[in-house]
Amino acid sequence: MSKGLPKRSEDYSQWYNELVKRADLAENSAVRGCMVIKPYGYSIWEKMQQQLDKMFKDTGHSNAYFPLFIPKSYLSKEASHVEGFAKECAVVTHYRLKNDEEGKGVVVDPEAKLEEELIVRPTSETVIWSTYRNWIQSYRDLPLKVNQWANVVRWEMRTRLFLRTAEFLWQEGHTAHATREEAVEETELMMNIYAQFAEEYMGVPVVKGIKTASERFAGAEETYCIEAMMQDGKALQAGTSHFLGQNFANAFDVKFATKQGGLEHVWGTSWGVSTRLMGALIMAHSDDNGLVLPPKLAPIQVVIVPIFRSEEELQAVEEKAHEIMDKLKPLGISVHFDHRDTHKPGWKFAEYELKGVPLRIAMGPRDLANNTIEIARRDTLSKEMVNLGEVEIGEYISSKLNEIQTNIYEKASQFREENTTTVDTWEEFQQVLEGKGGFVSAHWDGTPETEEKIKELTKATIRCVPLDQVKEDGKCVLTGNPSSGRVLFAKAY
């Protein structure tokens with residue numbers, strides 16, 4: 001199980017890769033750059049998906065589905081968009097195979113060349129806005145708030161499970177509005193929903209901010225983001241929300257008749273999170289023993305492991321276990337009774353520790369006689385004996401799960417606070433990045449040239465201009481030129 005798992009302090013990257021595989025979350029596929037998400041990993045993604053989907057629908061969004069293939073000409077209509085994604089696109093050029101005449105399997109039929117190449121979607125703005133042109137005629141059709149759950153392809157040469165793969169799963173929201181103000185409000189709303197989800201469900205504290213022009217989504221006027229810190233001090237962009245202005249409405253001629261009888265282009269947004277959140281969840285909380293999952297997203301919140309030597313002892317323990325389960329399930333607590341006789345209790349303990357199950361209950365004949373159970377917490381690795389005659393087990397377990405959820409978040413928050421450093425000089429800036437790591441709060445003169453130079457010299461990027469940035473006069477850490485406020489730098493995934 002966790003035996004032999006690399007230590008984070010020795011090789012963080014190897015620790016991450018091994019943990020993803022050993023915890024049965026995902027594995028590399030036969031298709032280079034792509035991954036297979038295994039049932040346990042997908043069950044975590046499903047819980048993320050279900051909660052986010054509810055939050056989207058609670059704010060007036062509906063799900064739809066759009067084609068996987070995008071005509072090449074669509075990408076050409078928005079100049080900055082095609083420039084931003086051109087190098088990542090997978091292209092379909094033919095529509096048929098045929099048997100090789102020399103008996104060497106199948107080959108592409110040269111006679112079956114497409115009149116226009118199709119792009120496997122890297123993102124769906126173009127195909128969706130071409131559709132919106134048919135859906136939007138009047139102010140009565142607005143706002144239009146649509147989300148889709150889908151897969152996308154962005155060609156990657158250097159991949160890492162969940163964090164960067166050629167194909168990944170995500171959701172992408174696309175909305176259209178009558179006014180600029182409504183679209184900006186929508187963009188900020190979705191950023192806040194992502195932040196709420198990250199903090200309340202994933203237990204990951206985030207910084208809300210705005211991307212610089214060079215880091216902005218291709219085709220957007222403004223990109224809002226949430227940035228999280230991983231345990232190795234690197235940043236991870238956990239979600240983005242884009243104010244598109246009228247760029248795509250202009251490109252695809254999406255107009256609406258106003259109340260006043262005029263004709264105007266609509267204002268747009270797009271926003272998304274992906275299976276990269278799985279990587280964030282793993283790296284923000286897990287330890288050298290395996291996964292540490294927040295209870296709100298754990299597929300199994302409580303596991304009951306019986307300790308027995310005979311079939312009679314197992315039956316007695318199972319009867320008590322079902323009594324406990326019957327009290328937990330009505331409270332919405334997912335509980336699993338592991339009655340397998342193919343593995344010993346110690347092996348099971350290690351398995352569930354590796355998989356990050358928040359609470360483990362162990363019980364055997366002696367416990368039945370004493371009316372007690374042993375409860376082990378995954379987050380603290382602590383154990384306690386609980387007398388079932390002295391507690392209401394449903395309330396007790398619910399309280400423990402809430403404690404774990406809170407503790408995980410507070411631990412991550414403390415780590416981020418301890419690893420966020422304010423610097424004023426270039427020497428300090430370099431020292432922190434190379435030594436301590438984490439977020440570096442520093443003045444920047446606002447120019448893309450300085451931003452690029454800092455990236456070239458240190459590999460650190462501006463993660464965001466924090467929304468709570470305090471306006472203060474200062475000097476850029478690199479150039480010494482005037483600056484009106486600090487931004488967050490970090491090395492990132």
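This is a predicted model: local features need pLDDT of at least 70, side-chain atom pairs count only at pLDDT 80 or more; totals for chains, interfaces and linings use all residues.
Residues are numbered from 1 along each chain as its sequence is written, and side-chain values use heavy atoms, without hydrogens and water. Local features need pLDDT of at least 70 and side-chain atom pairs count only at pLDDT 80 or more, whereas totals for chains, interfaces and linings use all residues.

Helices (H or I, at least four residues) and strands (E, at least two) are DSSP runs, numbered from the N terminus. The axes of helix H2 (residues 39–58) and helix H6 (residues 180–200) come within 11 Å and cross at roughly 145°; axes are lines fitted to C-alpha atoms, for helices over the stretch in contact, and angles run from 0 to 180 degrees between N-to-C directions. Contact, defined as heavy atoms within 4.5 Å, involves Met48, Gln51, Leu52, Met55 and Phe56 of H2 and Met190, Ile193, Tyr194, Gln196 and Phe197 of H6.

The largest nonpolar core contains 60 residues, and Leu25, Met48, Phe162, Phe197, Met202 and Met230 have the most contacts inside it. A nonpolar core is a set of buried Ala, Val, Leu, Ile, Met, Phe, Trp, Tyr and Cys residues joined through side-chain atoms within 4.5 Å. Buried means under 20% relative accessible area, exposed over 50%, and partly exposed in between (1.4 Å probe, protein chains only). Beyond its neighbours within four places in sequence, Phe162 is in contact with residues including Tyr16, Leu25, Met35, Thr275 and Ile282. Another core, of 26 residues, lies apart from the largest one and includes Ile119, Phe217, Ala220 and Phe252.

The structure holds zero disulfides, a disulfide being a pair of cysteine sulfur atoms within 2.5 Å. The sulfur of Cys225 is 4.7 Å from the closest cysteine sulfur, in Cys464, which is too far for a bond; Cys225 is buried, at 1% relative accessible area. For Cys89, the closest cysteine sulfur is in Cys34, 15 Å away and also too far for a bond. Cys89 is buried as well, at 16% relative accessibility.

Most residues other than glycine have a negative phi, and most peptide bonds are trans. Leu142 and Pro143 are joined by a cis peptide bond with omega of about -5°, and Pro143 lies in the loop between helix H5 (125–135) and strand E9 (144–153). Asp253, not a glycine, has a positive phi of about 55°. Asp253 is located in the loop between helix H7 (247–251) and strand E14 (255–257) and is partly exposed, at 41% relative accessible area.
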